Amino acid sequence: MSSDSTPVPAPAAPPVPHAPRPKSTGLHKGEAVPGVAKVDPIIIADGVRRTFGGLTAVDVDHVEIPRNAITALIGPNGAGKTTLFNLLTGFDKPDAGSWSFDGKSLSGVPAYKVARMGQVRTFQLTKALGLLTVLENMKLGAKGQSGEHFFQGLIPGIWRKQEKSIEAKAHDLLRKFKLDAKQADFAASLSGGQRKLLEMARALMSDPVLVMLDEPMAGVNPALTQSLLDHILDLKDEGMTVLFVEHDMHMVRHIADWVIVMAEGKVVAEGPPLEVMQNPAVIDAYLGAHQEIDLGEITGRYHAEEKN
Amino acid sequence: MDWGQILSNSASFIIAPATIAYALAAVGLSVQFGYAGLLNMGIAGFMALGAYGYAISSITFGLPWYLCIVVAIAASVVYALILGIPTLRLRGDYLAIVTIAGAEVLRLLFLTSSFDQYTGSADGLTGYQGSFRDSNPFPRGSYGFGPWTMNENQAWVTVIGLVLLAIAVTIVFLLMRSPWGRVLKGIREDEDAVRALGKNVFAFKMQALVLGGIFGALGGVIYALPSSVNPGSYVTSLTFFVYTALLLGGAATIFGPVLGSVVFWVLQTFLGNVLPALAGIGILPVSSSQASTLRFILVGVALMLIVIFRPQGILGNKKELTFVK
């Protein structure tokens with residue numbers, strides 16, 4: 001519960017490129033039940049509840065997000081994952097509950113202040129700023145720009161130097177995300193997958209502590225998926241914490257250190273990915289009994305025996 | 001038909017005070033609508049505040065002309081804050097509803113006889129130019145040439161108007177190439193995305209509303225300075241005329257609002273002269289007063305055609321058109 005900023009010493013990753021990077025283990029204290037305490041939590045939420053009329057979208061008793069690890073939030077459609085995201089980032093206000101980030105209470109803190117504290121998010125429906133160029137999108141992400149104050153903005157001399165360093169940083173990130181050739185284009189001209197990349201790169205411009213990604217893989221082609229996965233793993237290596245919502249179970253298994261399963265607004269299970277996916281409650285509520293079976297066999301349009 | 005007279009009348013509006021007033025208001029609207037995406041449908045209200053703020057502080061309080069301008073600006077700032085605090089947190093359409101209503105409320109307040117001693121109610125206000133004309137450095141005489149010949153008072157209004165317009169355009173130019181302008185354009189595209197990046201969206205929108213409102217009020221001052229203030233001038237159609245000028249030139253451009261205002265007024269005057277003349281010689285089958293009303297119909301048609309066929313305006317970026325949502 002301390003706001004101590006030293007990350008949990010993760011097992012040293014071998015500096016060999018393309019080698020599978022080991023997962024962080026030993027994140028929790030005691031048995032991995034819903035709401036289990038973490039060794040070094042970055043987010044602690046207590047009794048967070050949000051109702052829309054008669055529908056209780058989120059009703060989380062207690063949940064902790066481990067620091068410097070990749071946590072996946074999974075669950076069926078309508079489980080309240082995105083609503084929880086909105087609540088944690090200040091985009092929505094809960095009816096009850098308290099939650100803290102890095103030891104500081106976030107109750108009632110507006111979204112922009114949450115972002116300034118180092119907790120940035122992306123959106124399920126990508127929000128690229130269409131009529132700004134890719135480079136402008138990136139530069140917008142930087143924090144503490146003196147030129148964003150009305151009167152200082154009037155005098156270029158005040159912000160020009162900072163603008164140069166922001167631009168250099170934006171170039172670096174764009175190169176990393178393979179968007180550097182597009183930097184002068186309007187963001188509206190990017191494909192859906194490129195917009196996802198841009199949104200993630202833009203979020204990184206603010207040097208976040210916690211990156212929250214809402215379905216980063218939705219609509220991204222397989223080749224790009226691989227590079228996105230690498231980027232997310234890089235974030236952890238750079239000391240950031242990642243929390244993401246995703247339906248792609250391969251991705252969850254591949255990169256998540258910890259999985260939290262939500263259903264009907266509640267946390268129903270959590271634990272390391274492989275264990276959680278064996279949990280009968282999770283299989284019932286979300287994965288379904290046939291997750292390892294080809295879709296063709298379930299629908300009866302294709303039989304494994306036909307394959308030579 | 002006296003073509004020479006018609007063309008001269010039309011050309012005179014290239015730098016007439018009314019044109020400068022529209023240009024100032026349109027620059028303000030470009031900040032609000034073009035760059036920040038705030039659908040202010042009540043720019044006429046800001047202009048009314050500018051005009052009445054100037055006239056009342058001159059007549060009732062006897063302030064010198066420059067302090068009258070300060071009062072006009074202060075009134076528009078207060079008005080922008082009152083409008084913005086409840087509505088800027090809501091979705092954009094609400095601002096349009098509130099601003100259109102706010103402008104009407106202001107107009108009716110200026111029109112009602114309850115405040116006749118300050119506002120002159122339906123008669124409006126006249127005779128507030130004393131201090132301004134006393135400060136005129138131009139000696140009595142005639143200035144300019146051809147269609148742009150004016151007396152010393154008109155010349156002084158034009159000069160002050162052009163100075164204010166130059167200041168407004170410079171401020172917008174400097175701001176829109178700064179990080180401040182970048183945030184504003186980001187808000188226009190998607191304010192939640194900008195909020196997620198740690199920007200105080202409400203504060204930026206408020207600053208844009210206030211800045212645009214100040215320019216609108218200055219436009220109102222220049223609109224009123226040559227002659228009189230009349231509550232009938234600040235009706236909703238004034239807002240639509242300023243929008244026409246803005247969209248004509250290009251909503252998200254620096255010089256678009258200025259160019260748009262010039263084109264708007266020159267065309268307005270041209271049609272206002274040509275149509276009655278055509279009716280007079282029997283080409284148009286309407287009376288001459290009907291013919292001069294016809295130009296307002298044409299303004300409406302023009303506004304529709306611009307929005308449909310050239311939404312980016314004369315100076316707008318063609319590339320942006322591809323992505324109009």
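Predicted model: local features only at pLDDT ≥ 70, side-chain atom pairs only at ≥ 80, totals over all residues.
I then asked which helices of chain B each supply at least two residues of the side that touches chain A, and found H8 (152–176), H9 (179–189), H10 (191–196), H11 (201–224) and H15 (318–321). H9(B) gives the largest share, eight residues. By kind, the residues on this side of chain B are 13 nonpolar, six polar and 11 charged, with Ala, Val, Leu, Ile, Met, Phe, Trp, Tyr, Cys and Pro counted as nonpolar, Asp, Glu, Lys and Arg as charged, and the others, Gly among them, as polar.

**Conventions**

I note that residues are numbered from 1 along each chain as its sequence is written, and that chains are lettered from A and ligands numbered from 1 in the order in which they are written. Local features need pLDDT of at least 70 and side-chain atom pairs pLDDT 80 or more, whereas totals for chains, interfaces and linings use all residues, and side-chain values use heavy atoms, without hydrogens and water.

**Extent and salt bridges**

I find 30 residues of chain B in contact with 35 of chain A, contact being heavy atoms within 4.5 Å. The buried area, that is, the accessible area (1.4 Å probe) that the two parts lose on being put together, summed over both, is about 2,900 Å², and carbon and sulfur atoms give 68% of this area. Three salt bridges are counted between the chains, each a side-chain nitrogen of Lys or Arg within 4 Å of a carboxyl oxygen of Asp or Glu; one joins Glu163(A) to Arg182(B) at 2.7 Å, N to O.

**The sheet of chain A**

I turned to the open sheet of four strands in chain A, ordered E2-E1-E4-E5 with antiparallel pairing; strands (E, at least two residues) and helices (H or I, at least four) are DSSP runs numbered from the N terminus, and two strands pair if DSSP finds at least two bridges between them. E2 (55–66) and E5 (104–105) are the edge strands, each pairing on one side only. E1 (41–52) is joined to E2 by 10 bridges, with Arg50(A) opposite Val58(A). These two strands form a hairpin with two residues between them, and Gly53(A) in the turn has a positive phi of about 60°. Two bridges join E4 (96–101) to E5, where Phe101(A) has Lys104(A) as its bridge partner.
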